[in-house]
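Dear colleague,

Please find below the structure that I am handing over to you.

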Amino acid sequence: MRRFAMLLVALAVLVAACSDDTPRASGPGLVASELNREVSAAPDADLAAVSAAEQAFAVQLYRVLATDEGNLVFSPLSIHLALAMTLGGAGGETATEMEAALQVAGLDPEALHAALNAFDAALESRNRTEPPIDDREQRVQVSVVNSLWGQEGFAFVDAYLDLLARNYGAGIRVVDFEQAAEEARLAINEWVAQQTNDRITDLIPEGAIDSLTRLVLVNAVYLDATWARPFDPEATFDAPFSLLDATEVAVATMHASLSARYGRGDGWQAIDLPYTGDELSMLIVVPDEGR
C-alpha cells in the first residue's frame with residue numbers, strides 16, 4: 001500500500017476578491033455562495049488545454065524545486081489548483097503574471113475553472129472497493145479537498161464566492177488571524193486532519209501563521225490505494241541502488257514477475273503500475289546510471 005499526501009498552504013491577501021459588499025454568511029464562521037457545486041463534463045478541447053497547462057507547470061516547477069539537494073516530494077496538482085483558486089480573485093497585472101506562471105495565459109477563465117472542476121470529479125470517480133484477494137484489501141481512496149480561510153471582518157465579492165462554490169465546492173471560513181493566530185492555525189489543522197483521515201495532523205507548523213496573515217489557501221490530495229497486482233512481501237529484499245555520484249546503497253526492494261506497461265528512451269526507463277481497478281496508476285521514471 002502506498003499513501004501519498006501533499007498539502008499546499010499559501011499565505012496572501014486576495015486583493016481583487018475583497019470589497020465593501022455585504023458578505024453572504026452561510027453558517028457559523030463561513031462565508032459562502034448559496035450556489036451548489038456544478039460538476040459537468042467540460043469540452044474535450046478545454047480539458048486538453050488545461051491538461052497541457054498542468055503538465056507544463058509541473059515540469060517548470062520541478063526544474064525550480066529540484067535545484068536544492070536532497071529528496072523532493074511535491075504535488076503540482078495541489079499547487080496548480082490552489083493558485084487557480086487564487087487567480088479567480090485576482091485582477092490586473094497580478095492576474096496576468098499568475099496566468100503566465102500557471103501556463104494558462106490565453107485560456108478563458110471560466111473554461112479553466114470548469115475544466116479543473118471536471119478533473120477533480122474524474123479523480124474522485126476512481127474511488128472503489130473490490131473483494132479482498134488472499135485476505136488483502138483491494139481499494140482506491142482518492143480525494144482532493146480545497147478550503148480558504150479569511151480574516152474575520154473582511155468582505156468578499158459575491159462573484160468570487162459564486163466561482164468558488166460552482167467550481168471548487170468551497171467557501172471562505174472566517175477566523176481571527178489578527179487576535180487569535182494560533183487558534184486559527186489549530187482550526188485549519190483540525191479541518192485538514194478530518195479531510196485526510198488523520199493522515200495529516202499538523203499541516204501548518206507553529207509560527208507559520210501570525211497576526212499579519214489575512215488569507216490561507218489549503219489544498220490536500222489524499223491517496224490510499226492497493227496495487228492491482230500486489231507484490232509479495234516475502235519477495236522484498238535488499239538490493240543495490242546507484243546514487244548520482246556512482247556510489248551504491250542497499251535498499252529494501254520489491255520484486256515481482258508481472259505484466260505492465262514499460263517504456264525506454266534516451267537515458268531513462270519507465271514502468272506504469274496500476275492500482276486496483278486499473279483506472280489510477282503510479283508512473284515510475286528511472287534515469288540511467290549517472291544521469
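The notes below describe some strands, some helices and the salt bridges. Please bear in mind throughout that this is a predicted model.

I begin with a pair of strands. Strand β4 covers residues 128-133, and none of its 6 residues is buried, so the strand lies largely in the open. Its partner is strand β5 (residues 136-151); the two run antiparallel and are joined by 4 bridges. Within this pairing, R128 stands opposite V140 of β5. The two strands form a hairpin with 2 residues between them, and D134 in the turn has a positive phi of about 50 degrees.

Helix α2 (residues 76-87) gives another picture. Of its 12 residues, 9 are buried, so the helix is largely enclosed by the rest of the structure. Among the buried residues are I79, L81, M85 and L87. From its first C-alpha to its last, α2 reaches 16 Å, close to the 16 Å expected at 1.5 Å a residue.

Two further helices pack together. Helix α4 (residues 109-124) and helix α5 (residues 158-168) meet at an angle of about 35 degrees, and their axes are 8 Å apart. On the α4 side the contact is made by E110, H113, A114, L116 and N117, and on the α5 side by L163, R166, N167 and Y168. These residues divide into 4 nonpolar, 3 polar and 2 charged.

I turn now to the salt bridges, of which the whole structure holds 12. One of them brings together the side chains of R139 and D224, at 2.9 Å from N to O. Since R139 lies in strand β5 and D224 in strand β7 (residues 215-225), the pair ties together parts that are 85 residues apart in sequence. R139 is partly exposed at 24% relative accessibility, whereas D224 is buried at 1%.

Another salt bridge is formed by E178 and R214, whose closest N and O atoms are 3.0 Å apart. E178 sits in the loop between β6 and α6, and R214 in the loop between α6 and β7, 36 residues apart. E178 is partly exposed, with 37% relative accessibility, while R214 is buried, with a relative accessible area of 18%.

The side chains of D202 and R185 also meet in a salt bridge, at 3.4 Å from N to O. D202 belongs to the loop between α6 and β7, and R185 to helix α6, 17 residues apart. R185 counts as buried, at 6% relative accessibility.

With kind regards

Notes:
Residues numbered from 1 in each chain as written. Predicted model: local features only at pLDDT ≥ 70, side-chain atom pairs only at ≥ 80, totals over all residues. Heavy atoms only, no water. Buried < 20%, exposed > 50% of the residue type's maximum accessible area, 1.4 Å probe, protein only. Pairing = 2+ DSSP bridges. Expected span 1.5 Å × (residues − 1). Axes fitted to C-alpha atoms, helices over the stretch in contact; angles between N-to-C directions. Contact = heavy atoms within 4.5 Å. Nonpolar A, V, L, I, M, F, W, Y, C, P; charged D, E, K, R; others polar. Salt bridge = Lys/Arg side-chain N within 4 Å of Asp/Glu carboxyl O.
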